[in-house]
Amino acid sequence: VSRVLQVLSCGGPAWWVQGPAPFAATRGHPPGGPLDPAALADGLAALDAPPGARPLAVEHTGVLEVAAGEAPLWLAQVEPDAVALWRLRAGERLRLPGPTGARVAGLVIGADAAHAPTAGPWAPLPPGAWAAAGPPWSGPRAPKDRIPRPRPRGPVRVLPVADAGPDAWSALVDGQWAVAPAADRRGVALVGGPRALGAGSTARSRPVVPGAIQALPDGRFVVLGPDGPTLGGYPLVGVVLAADRGRVWNAAPGAEVAFAGGGAREGHG
Amino acid sequence: VAEPICVPLGDDALRVDLPGPSSAAWRRAAVEALAALPGVADAWSGETSLALRWAGAPRPAAEVQAALAGVQAGSGPPAVTHRLAVCFDGPDLPAVAEAWGCGPEAVAALFTAAPLTVMAIGFQPGFAYLGPLPGGRSAPRRPQPRPRVPAGAFGLGGDRAGVYPGDCPGGWQLIGRAAPGALSSVAVGDAVWIEPRDIP
């Protein structure tokens, strides 16, 4: 089976979240990947994905209409509180709702991707696009319609970086923040908290990573996303721990977020 | 001898701040050495720091420092020479020429005297920081960044030059145009000869 899922229509921007990454950070290309890595993991778990499976996954910002291709398949749509499982017969259509309480909804497709249909870390998903993939596995061993997801609680954990100084760190962890409406895969700005003025900029751009929190010259903070730059000239306040990044990247516009110091894993630094 | 300082970037990456100036050739070799370390998914460099991303559990920083201790400039892959056709007709060319005390044609001629070196790659995918500028010259960033710089614009920022691979906001002084993807295959340490040319 080479064509397992067709996108019939998208109610907003949508994209593949997996694919070959022909370039690397040595050429300025960010790692890409899902806006909500934890959702991808939960979708795979709900599908009982075999070990080492390469998931075929989509993130979408509006209603998504899809159709199964030449074989039946399983879909796991990941919502903030639950994973909804769908079984499609060959050729059957499904209309999936858009995200609720999040910026994007994740959709994991129960098939091993023999050759993912993207040309970079991620790629837009136009109507009419086919997901080309290997044979689908048999689906969950114990199918349920909805599998609850425990919602992470508490502040988002950040490992400090001393570039921007103690005042910027205090502003970050003491402030009450909300996610700005204008956010994309490159970064999410924070609004509502105190501004950390005086952090300045570095003479030469230095390496940055997804999850890095930059202090801009006007005192605002920006959390870099999975498609963010690999070099940046603004000082870093800290870097969000990997497990918590999706909570910021996929937060609905206006959602409140708080930050606290978190430790690095053993053996690091 | 001062050692590089390792700064964890979260729980899956490490920045290595270099204690002093380094050549692009050394950083090219250093990135190769970092990428070859067990457990490293990706490695790259700025001009004053290196970085790596761990594929799994982070390794001790001492292993990173030890790997860099043996790096010699020139031990990495050989540098490649590229040619970059630039049409010197950017909106900021007159201002740069005036600041440099010459005419616009002389600015273009200055860039043909010696190749530029790829000092770092980042900011945008494929954006190569080229330097140093001819004769140690520089061009300050514009006080107000443009909301949109078109792909292919050839600009100057401080003592660096570069070609914007895609449209984006930008504060560099735009002095010309080139093909947007002209530098997509360069690596840190490569040489880039500028060739003034008319581009429709």
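I began with the term pLDDT, which is the predictor's confidence in each residue, from 0 to 100, since what I have open is a predicted model.

**Confidence.** For chain A the mean pLDDT is 82, and 82% of its residues reach 70 or more. I noted that residues 112-121 of chain A also lie below 50, with 37 contacts beyond near neighbours in sequence. Where pLDDT is low, the predicted coordinates should not be read in detail.

**Sheet.** Next I followed an open sheet of eight strands in chain A, with mixed pairing and the order β20-β13-β14-β17-β16-β19-β12-β21. Its edges are β20 (256-257) and β21 (259-261), and each has a single partner strand, so one side of each is left without a neighbour in the sheet. Within the sheet I checked β14 (residues 187-191) and β17 (residues 221-224) of chain A, which run antiparallel and are joined by four bridges; here Leu190(A) stands opposite Phe221(A). Helix α2 (residues 166-174) of chain A packs on the sheet, and its direction makes about 125° with that of β21(A).

**Cores.** I then asked which residues have the most contacts inside the largest nonpolar core, which has 38 residues, and found Leu172(A), Leu190(A), Ile213(A), Phe221(A), Val237(A), Val257(A) and Phe259(A). Helix α1 (residues 37-46) of chain A gives the most to this core, with four residues. Apart from it I found another core, of 29 residues, including Phe88(B) and Ile121(B). Leaving aside neighbours within four places in sequence, Leu172(A) is in contact with residues including Val158(A), Trp177(A), Leu190(A) and Phe221(A).

Notes
Residues are numbered from 1 along each chain as its sequence is written. Chains are lettered from A and ligands numbered from 1 in the order in which they are written. This is a predicted model: local features need pLDDT of at least 70, side-chain atom pairs count only at pLDDT 80 or more; totals for chains, interfaces and linings use all residues. Side-chain values use heavy atoms; hydrogens and water are left out. A nonpolar core is a set of buried Ala, Val, Leu, Ile, Met, Phe, Trp, Tyr and Cys residues joined through side-chain atoms within 4.5 Å. Buried means under 20% relative accessible area, exposed over 50%, partly exposed in between (1.4 Å probe, protein chains only). Helices (H or I, at least four residues) and strands (E, at least two) are DSSP runs, numbered from the N terminus. Contact means heavy atoms within 4.5 Å. Two strands pair if DSSP finds at least two bridges between them. Axes are lines fitted to C-alpha atoms, for helices over the stretch in contact, and angles run from 0 to 180 degrees between N-to-C directions.
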